Amino acid sequence: MADNKLDYILQLADNALIYGHRLSEWTGHGPQLEVDMALSNISLDNIGAARSFYQYAAEIEGGDKTEDSYPYLRDVRDFKNVLLVEIPNGDFAKTIARSFYFDCFQFHFYTALQQSSDERIAAIAAKSIKEVTYHWRYSKGWVIKLGDGTEVSKAKIQEALNDVWDYAGELFAPNKLELEMQAVGIAPDLAPIKERWDNSVNEALKEATLTITDENGDWHHSGGKNGIHSEHLGFLLAELQFVQRAYPNSEW
Amino acid sequence: MSKGEWPLWEVFIRSKAGLDHKHVGSLHAVDSEMAIENARDVYTRRQEGISIWVVESENIHASNPDESESFYEPSDDKIYRHPTFYELPDKLKHM
């Protein structure tokens, strides 16, 4: 049970870390200085939330574990983030499409997670919800602007939303661990979160004059929650972990 | 927005309640909503403000630098416009 809770906390942390890391890849490369800053801020918010969860994990596991043990010293199969957050950034439209789906999920998920029976997890969710509210506002705003913009911007965001769509389903398909955590009140039920997510996403898409072409029905990519990742996560971790692997235990 | 640069906006931030909004800089955005969000992201990351104004730069009309002689120099020798010729009573402080 304690081990399961540890794994669940690491899953929450991994989602925030890998998403934050992907957004950080825009730093210095944003299409506008203002967009560069915004994506970097959102990246830092997520890495900050990940730190809070990793710190809690380290306290539970004890020994010589620290918050750095998890991002820097675990192998790819140990990461439990959803595939959605690890897919490469692609162009700006694809990054926004991913953020649109994930920020909306985080908004409704953290809202529910504030009711977790674990006080520490509930407190981290309560702290993050203000940040996530802004993230959702930001990515939703961009989808509406691009969708309701020029012919080119509309075509690009439409294609990106269709491409990324099949990664969103994994967010709402609970694995064994999540069901166990839900049974003891630590994790929220994902079914009502899916309903709220559908409503929010559809409302925004309507305003953006966009419609998702869902060719694959209920099928979606999955595996990340159980440590089965795309080839992309390995490359991401190679960059993230390089210094710690090359110079073990080095400090600033 | 279809070509080239987004419009330029001037940003004014109120640092705390009761103080004036002060000009802090400028940025690019396609509309006022985005300008406020961008201002939030660029100019209030370190707790600089509690309120933001944005104004499209093209709506600001400025004095012409070429006219600065006729505009400003005439006041240089009108020192009597400063209230410095009054004898102040000793008990009056902080003037």
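This is a predicted model: local features need pLDDT of at least 70, side-chain atom pairs count only at pLDDT 80 or more; totals for chains, interfaces and linings use all residues.
Let me start with a pair of strands in chain B. Strand β1, residues 8-14, and strand β2, residues 21-28, run antiparallel to each other and pair over 7 bridges.

Now the rest of chain B. Its count is 2 helices and 3 strands. In sequence order the pattern reads β-β-α-β-α. What about its overall spread? The radius of gyration of chain B is 21 Å, while the globule rule gives 12 Å for 95 residues, so chain B is more spread out than a compact globule. Along the principal axes, the C-alpha trace spans about 65 × 35 × 15 Å.

Two more figures for this chain. Of the 95 residues in chain B, 15% are buried. Then take the contacts in chain B between residues at least 6 apart in sequence: 45% of these join residues at least 24 apart.

Next, where chain A meets chain B. On the chain A side there are 8 residues, and they are in contact with 10 residues of chain B. Which elements of chain A give two or more residues to that side? They are α2, residues 33-61, and α6, residues 119-147. The largest share comes from α2(A), with 4 residues. By type, the chain A side divides into 3 nonpolar, 3 polar and 2 charged residues.

Last, one residue in chain A, A:His220. You will find A:His220 in the loop between α9, residues 190-207, and α10, residues 231-246, of chain A. Is A:His220 buried, exposed or partly exposed? There are 18 other C-beta atoms within 10 Å of its own. A residue counts as buried at 20 or more and as exposed at 12 or fewer, so A:His220, with its 18, is partly exposed.

As for its partners, set aside the neighbours within four places in sequence. A:His220 is then in contact with A:Asp166, A:Tyr167, A:Ala168, A:Gly169 and A:Glu170. One distance to go with that: A:Leu171 is 49 residues from A:His220 along the chain, and the C-alpha atoms of the two are separated by 9.9 Å.

How values were computed. Residues are numbered from 1 along each chain as its sequence is written. Chains are lettered from A and ligands numbered from 1 in the order in which they are written. Two residues are in contact if their C-beta atoms, placed from the backbone, lie within 7 Å. Ala, Val, Leu, Ile, Met, Phe, Trp, Tyr, Cys and Pro count as nonpolar, Asp, Glu, Lys and Arg as charged, and the others, Gly among them, as polar. Two strands pair if DSSP finds at least two bridges between them. The radius of gyration is taken over C-alpha atoms; the globule rule is 2.2 Å times the number of residues to the power 0.38.
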